Structure formats: structure tokens, C-alpha cells
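Here is my note on this model.

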Amino acid sequence: MSVYRNTIWFLNGIHHYTRKGYEAASKDFEHQQLDVSVVGRSFMVTGANSGIGRATAMAIAKRGGTVHMVCRNKEKAEDARLDIVNESGNTEVHVHIVDMSETRKVWAFADAFKKQYSSLNVLINNAGCMMHKREVNAEGLEKNFATNTMGVYILTQTLIPLLQKSRDPRVITVSSGGMLVQKLRADDLQSERGYFDGVMVYSQNKRQQVVLTQQWAKANPVIHFSVMHPGWVDTPAVSTSMPQFHQMMGERLRSVEQGADTVVWLALSRAAARTCSGKFFQDRKPVAAHLPLAWTHSSTEDIQSFITQLETLARAAQSQPDPELNSSLNPSIITLPQVV
């Protein structure tokens, strides 16, 4: 990461990513755009028991939508579900227990969901992790990559057929402004080389999500794809993964509702559906996915290499036996077309 990119990113963040940044941006919001009913529409939110995911699930439930909460911890998920049901009065809130770092189990869940439910209107990829020590999952994948990139890839790819046959389908991925300081590293997707910096690995994963979103939008014109930066938000994940940053920023951090606002707008509003698919959003507006003059753009060859490696790793994970899963499970892998 260059000193230039780091400096420009932080100064931009102080101006735009904080609570004051949200308050300034929200003066231009057309708030009636979220005065909608989404009764009859179904939404899947990963990482829905706390932080931005919980705030998103709550906002959807209050507007009548059917919410599928995909969470890792059953007790926390059930507690969050009860709070959402009680506050929204909407009982169509369902919990699914899945650890997004467990690659084969993500396959199994997505495949079973596709068979059980007849439609899914909106998929919100919110779950993420930031581990500061390199660890691998049962499939041998580095856990940040497994959760933030491979989990998102497998869940989305598997559910695309279900989304395609649903009305006004959308996929929103919660990324991070940290990706602006990262160029896609197609030659080291799992951070095996050099010093392992959890913050930079996370930011690299978030760049990978942006590239994936752009490729999905090209390959699936029926579905509206978007990726967004929620700003610097006061969430449990930030306080535990980045305690020094959390303490330094303090009250300048956004609330979870402010962080979730653009996710909710992308998921619910008609205005969002009229925007160009595949864009990177911040505070309800498409913004540049690269800093000015920064050398973070990727070549066609690097993007194709990235996609090919994802497909190869996904197939390898699928082929590994797992005694906890149904041995007859054979979910199909939908591959992205060649990058042009």
C-alpha cells in the first residue's frame, strides 16, 4: 500500500466516512424512497444477528418483508430474531445457522435453500471477518478469504438461478472503503506470502468483492448487483477487530442504522433499481472504485486469473468429503464467463 493511497484514503474517510459525513450526505436523500411496503418479497441477510446486518434485517422486517437471517451463532441469532419480531410485529423472520468460513457447509446450505424455497428477491452479503493471525479452515482456505470472498462467491453463485426467476432480483454486498488502498492480487489470493496483516488482508478481500460484483453484473443482466461502503461504523466487529481505531474515532463513528442506510436503500427502493448494475455505492450514490491517480486498476488477465482460481478452489472444496453433510449432496457450480 503506497503512502499516497493511505493518506488520501484517510483524509477522504475523515470527511466522508464518519457520522458527520453521513449527516452531510443525508441532507440530499429523498427519504420518501424508503416509504415502501415489501410484503411478499424475500430477503436473505448474512451476519444478521448484530451490527449492520441486524439493522438491515430490522428495517426490512418493519416494511413487511420476509427475512432469512443467516448467522453463525444460534443463541445470538435467536435473540436477535426475537427482538426483530417484537419490534417490527413481523413474524416472517427465519434463522439459518451457517458459518460462512466453512466452505462446504455454505454449499450445502445454499443448495438446500434453493430447493426448499421458490423465490429469493434480494441477497445481502453482509457477514465478514477480520482475523489477525493466519488460520485455515477444513478445506485449507485462509479464513478471512474463506469468509469474505469464497463464502460470498459460493452463496451468490449457487443462488443466482433462484434469484433469476424471482421478481426484481438484487444482490448487495457490504464491502469497505478500505479496499480503495488495495489492488487485486491475483497471484496471492490467500495471503501466503510475506507478513500477514489482518487489516490489509481484509481490505484485499473487499477489493475482491468489488471485482466479483462487476463481473456478476456483466454476466447476469437480469439481476441488479451492487457493492457498497457503509462508512466507519460503531459495530461489535469493529470494536473487537480494530480496538485502537474504534477508541480513536469514538463518537465520530456512524451508528449501525446510518451504516445500514445504503444497504437498505439498495435493497428496497425503486430508485436503486434504476441505477447501473455493478457499481460501488456510498451514501446512496455510485462512487469511484479507485482513488484518483492510484494504480489499483486490474488487468483483464488478473481478473480472469482471479475468477478461474475461485472456480477451481470451489470445485476442490466441493469434492472433499464431509461426514457431517449428506453424501448425496452435489450442488452445481455456475461459472462466470471469460472476462473480456
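A salt bridge here is a side-chain nitrogen of Lys or Arg within 4 Å of a carboxyl oxygen of Asp or Glu. The model is predicted: local features need pLDDT of at least 70, side-chain atom pairs count only at pLDDT 80 or more, and totals for chains, interfaces and linings use all residues. Residues are numbered from 1 along each chain as its sequence is written, and side-chain values use heavy atoms, with hydrogens and water left out.

1. **A charged network.** Arg41, Asp168 and Arg170 are linked in a network of salt bridges. The structure holds 12 salt bridges. Three further pairs are taken up below.

2. Asp283 and Arg254 form a salt bridge through their side chains, at 2.8 Å from N to O. Asp283 sits in the loop between S7 and strand S8 (285-287), and Arg254 in the loop between helix H9 (243-249) and helix H10 (256-268), so the pair ties together parts that are 29 residues apart in sequence. Helices (H or I, at least four residues) and strands (E, at least two) are DSSP runs, numbered from the N terminus. Are these two residues buried or exposed? Asp283 counts as buried because its relative accessibility is 7%. Arg254 is buried as well, at 1%. The cut-offs are these: buried means under 20% relative accessible area, exposed over 50%, and partly exposed in between (1.4 Å probe, protein chains only).

3. The side chains of Arg54 and Asp83 meet in a salt bridge, with 3.3 Å from N to O. The pair links distant parts of the chain: Arg54 is in helix H3 (residues 51-62), Asp83 in helix H4 (residues 74-88), 29 residues apart. Arg54 is partly exposed, with a relative accessible area of 25%. Asp83 is also partly exposed, at 38%.

4. **Another partly exposed pair.** Glu135 and Lys143 form a salt bridge, and their closest N and O atoms are 3.9 Å apart. Glu135 is partly exposed at 33%. Lys143 is partly exposed at 23%.

5. **An enclosed strand.** How many residues of strand S6 (residues 224-229) are buried? The count is 6 of the 6, so S6 is largely enclosed by the rest of the structure. Both of its faces are covered. His224, Ser226 and Met228 lie on one side, and Phe225, Val227 and His229 on the other.

6. **Neighbours of S6.** Strand S5 (residues 170-174) pairs with S6 in the parallel sense over 5 bridges; pairing requires that DSSP finds at least two bridges between the strands. Arg170 stands opposite His224 in S6. Arg170 also belongs to the salt-bridge network of point 1. Strand S7 (residues 279-282) runs parallel to S6, joined by 4 bridges. Here Met228 has Phe281 in S7 as its bridge partner.

7. **Crossover.** S5, helix H7 (residues 198-219) and S6 make a right-handed β-α-β unit. Right-handed means that, with the strands pointing away from the viewer, the path from the first strand over the helix to the second runs clockwise.

8. **Nonpolar surface.** Phe10, Leu11, Ile14 and Met248 make a nonpolar surface patch of about 360 Å². Patches take residues with over 30% relative accessible area and no salt bridge; like charges are joined within 9 Å, nonpolar side chains (Val, Leu, Ile, Met, Phe, Trp, Tyr) within 5 Å. Areas come from the Shrake-Rupley method with a 1.4 Å probe, and for residues only the protein chains shown count as cover. Helix H1 (residues 3-16) gives the most to the patch, with 3 residues. Leu11 lies in H1 and is exposed, with a relative accessible area of 55%.
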